[in-house]
Amino acid sequence: RAELREAVDVLMPEPDQDTVEALRRLAGAETLSGNPDSDRLASEALILGQELDVDTALLAGLFATRGTAASVANRPAEAVAYYERAARLAEQVGDLGTAANALLNLADDLTSTDPLGAADAARSAAAHSRRGGRHYDLAYATANLSVALLEHGDWDEAEAAVVDALAEQLVEDELVRAQLCWIATLRGDADAVGALFESLPRLLESEDPQTQTKVRLLKALAATVRGDAAEVLAETTAALALSDALGIRHENVRWAWPLAARAARSLRDDAALDSLVAMLDAHPIGHVPPGLRASRSLARALRSADRGEAGAAPLLAAAVTALRAATNPYHLAHGLVDQAEHFVRVGESRAAEAALAEAREIATKLRCSPLSRRVEAVSAEPARLS
């Protein structure tokens, strides 16, 4: 980053294509470092590139860099537009690397609202990466494909995508194996989790914010399997502390926040829960993805229910409806179990059974044993009339 700043200072008095490239790379470095100035730099690079009529390949890279800056700044619609333009320009000139990079980032930004569209973009990114022999990009495209499929509830397909990529022997990156670890922790496969963690030495030691949050998320999910709510809260809190560097819409943030809220509630840690809600409240509503908005509504509804407030039931119903619209069945199922617990508490056994039946069906489809155990634990509770 320091060297790029010096290069820009030297080149800027008489700007040419090299100046634009140096400015683009500086903007990228600042973006990945969480520097808020990155947005301005990415915009400046794109403006200068158009003024100098740089070649199409560099223009595609400028749009991609601008997209990343917009994404980290939680402007997904803008980021998607930049990434789509970058991919189209790169494909026109046969720049498979830039096209793959733009498409895999496009997949990342679409996942929270359009997981199937994200999966299509990730598959296209993977195809470009294979054609160009870009194994590193292929690893990221595979990871983004599996995340999109996890979000949509296609866990078997997500696992198959990762296993197939590893079998091709085109990717050996720990990022891909981390996706297997993610699926194993979600499904509660404790034996597999231990072996998979041992296969991720570089990730476990990384100082990259995105990698650190992924490792924290994996550790939190592993703690969920053990039923250690305190560790879940500690790991997710550490992951969420890095959210400014990733953006509130990043998948690690989207998955860590509901885990943290559930752990805080189970520990009766009202201060932690208030802090989690405040974290989302600090953002404009358009920056917070639908799944996190729904999870925040659920946390507030459960707080109302735990206090015995009269309006808790409609708040819970609205939260479950929002979770259903957000399309992630895993989070929906946990919300249904939360709602069923409330129904049991107030003696509405039929409503509780209906909610548990739907949650059980989801748990079976996902082959998610921690979720199944939670469903059965609530099913075993006797009805308590209020």
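Buried means under 20% relative accessible area, exposed means over 50%, and partly exposed lies in between, with a 1.4 Å probe and protein chains only. By that scale Arg367 is partly exposed, with a relative accessible area of 47%. The model is predicted, so local features need pLDDT of at least 70, side-chain atom pairs count only at pLDDT 80 or more, and totals for chains, interfaces and linings use all residues. Residues are numbered from 1 along each chain as its sequence is written, and side-chain values use heavy atoms, with hydrogens and water left out.

- Two packed helices are described by the angle between their axes and the distance between the axes.
- Helices (H or I, at least four residues) and strands (E, at least two) are DSSP runs, numbered from the N terminus.
- Helix H19 spans residues 312-325 and helix H20 spans residues 329-345.
- Their axes come within 9 Å and cross at roughly 165 degrees.
- Axes are lines fitted to C-alpha atoms, for helices over the stretch in contact, and angles run from 0 to 180 degrees between N-to-C directions.
- H19 and H20 are therefore roughly antiparallel to each other.
- On this scale, angles under 35 degrees count as roughly parallel, over 145 as roughly antiparallel, 65 to 115 as roughly perpendicular and the rest as oblique.
- The crossing of H19 and H20 is left-handed.
- Left-handed means that the near helix is turned anticlockwise from the far one by less than a right angle; clockwise would be right-handed.
- On the H19 side, the residues that meet H20 are Ala312, Ala313, Leu316, Ala317, Val320, Leu323 and Arg324.
- On the H20 side, they are His331, Leu332, Gly335, Leu336, Gln339 and His342.
- Contact means heavy atoms within 4.5 Å.
- By class, the contact of H19 with H20 has eight nonpolar, four polar and one charged residues.
- Ala, Val, Leu, Ile, Met, Phe, Trp, Tyr, Cys and Pro count as nonpolar, Asp, Glu, Lys and Arg as charged, and the others, Gly among them, as polar.

**Helix pair H17 and H18**

- Helix H17 (residues 270-281) packs with helix H18 (residues 290-306) at an angle of about 145 degrees.
- The axes of H17 and H18 are 11 Å apart.
- This crossing of H17 and H18 is left-handed.
- Asp270, Leu273, Asp274, Val277, Leu280 and Asp281 in H17 face Leu292, Arg296, Ala299, Arg300 and Arg303 in H18 as contacts.
- The contact of H17 with H18 has five nonpolar, no polar and six charged residues.

**Salt bridges**

- Side chains of opposite charge can pair when their charged atoms come close.
- A salt bridge is a side-chain nitrogen of Lys or Arg within 4 Å of a carboxyl oxygen of Asp or Glu.
- The whole structure has 33 salt bridges.
- Arg5 and Glu30 form one, at 2.8 Å from N to O.
- Arg5 lies in helix H1 (residues 2-11) and Glu30 in helix H2 (residues 17-32), so this pair ties together parts that are 25 residues apart in sequence.
- Arg5 is partly exposed at 38% relative accessibility, whereas Glu30 is buried at 3%.
- Arg123 and Glu157 also meet in a salt bridge, at 2.9 Å from N to O.
- Arg123 sits in helix H7 (residues 115-132) and Glu157 in helix H9 (residues 155-167), so the pair joins parts that are 34 residues apart in sequence.
- Arg123 is partly exposed at 36%, and Glu157 is partly exposed at 39%.
- Asp156 pairs with Arg367 in a salt bridge, with the closest N and O atoms 2.7 Å apart.
- This pair links distant parts of the chain, 211 residues apart: Asp156 is in helix H9, and Arg367 is in the loop between helix H21 (349-366) and helix H22 (369-379).
- Asp156 is partly exposed at 42% relative accessibility.
- A network of salt bridges links Arg265, Asp306, Asp338, Glu341 and Arg374.

**Positive phi angles**

- Arg367 is not a glycine, yet has a positive phi of about 55 degrees.
- Asn74, also not a glycine, has a positive phi of about 65 degrees.
- Asn74 is in the loop between helix H4 (56-72) and helix H5 (76-92).
- Asn74 is buried, with a relative accessible area of 7%.

**Pro370**

- Pro370 lies in helix H22 and is buried, with a relative accessible area of 16%.
- Leaving aside neighbours within four places in sequence, Pro370 is in contact with Leu186, Arg187, Gly188 and Val225.
- The C-alpha atoms of Pro370 and Asp274 are separated by 26 Å, and the two residues are 96 apart along the chain.
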